[in-house]
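Good morning, colleagues. Please look at the sequence and the structure on the screen, and I shall then go through selected features.

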Amino acid sequence: MTMSEKKTYPSDLTTKQCNLFQSILHSIEPKKAGAPLKWQLEKIINAIMYVIKSGCQWRMVPSEFPPWQTVYYHYNKWCKNGVLKTINDILTKLSMVSQTDVVDAKLHDG
């Protein structure tokens, strides 16, 4: 694998999913003044998804992701302030609406 290739994992969100996650996150938790993040939010989100999906220990996050301490910091912060629950609730509702639209379309076509 060359340096320009990005290693992907089955737990990675699509770019569209990451953008949705980020837009929800920014509406819930507005960006504060200060230094910019050292790591891309997409990498932090995908690292969290990796831990959740694989069940690995935080210290075992692969080296392609930000350091485990960074990943855990964001996970812990978003759990404590309710961001992850809110994002999960929104994504669940969007998924339900999307599935309903598919069913409705099939009913009207049939």
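How many aromatic pairs does the count come to by the rule used here? The count comes to six aromatic pairs. Under that rule, rings of Phe, Tyr and Trp, the last taken by its six-membered ring, pair if their centres lie within 6.5 Å; planes under 30 degrees apart count as stacked, over 60 as edge-to-face and the rest as tilted.

One of these pairs joins Tyr50 and Phe65, which are tilted, with 5.7 Å centre to centre and 45° between the planes. Because Tyr50 lies in helix α2 and Phe65 in the loop between α2 and α3, this pair ties together parts that are 15 residues apart in sequence. Helices here are DSSP runs (H or I, at least four residues), numbered from the N terminus. Tyr50 has a relative accessible area of 19% and is buried; Phe65, at 8%, is buried as well. The classes are buried for under 20% relative accessible area, exposed for over 50% and partly exposed in between, with a 1.4 Å probe and protein chains only.

A further pair, Trp58 with Tyr72, is edge-to-face, at 5.2 Å centre to centre and 70° between the planes. Trp58 belongs to the loop between α2 and α3 and Tyr72 to helix α3, so parts 14 residues apart in sequence are tied together. Trp58 counts as buried at 19% relative accessibility, whereas Tyr72 is partly exposed at 33%. Ring pairs also link Tyr9, Tyr50 and Phe65 into a cluster.

The model is predicted, so local features need pLDDT of at least 70 and side-chain atom pairs count only at pLDDT 80 or more, while totals for chains, interfaces and linings use all residues. Residues are numbered from 1 along each chain as its sequence is written, and side-chain values use heavy atoms, with hydrogens and water left out.

On confidence, pLDDT is the predictor's score for each residue, from 0 to 100. The chain averages 83, and 83% of the residues score at least 70. Confidence is highest in helix α3 (residues 68–80), at a mean of 95, and lowest in helix α4 (residues 83–109), at 71.

Finally, I turn to Asn46, found in helix α2 (residues 41–54). Asn46 is buried, at 2% relative accessibility. Leaving aside residues up to four places away in sequence, Asn46 touches Lys6, Ser11, Asp12, Leu13, Cys18 and Phe65, where contact means heavy atoms within 4.5 Å. Lys6, in the segment before α1 (15–28), is exposed at 51%.

Terms used:
Helices (H or I, at least four residues) and strands (E, at least two) are DSSP runs, numbered from the N terminus.
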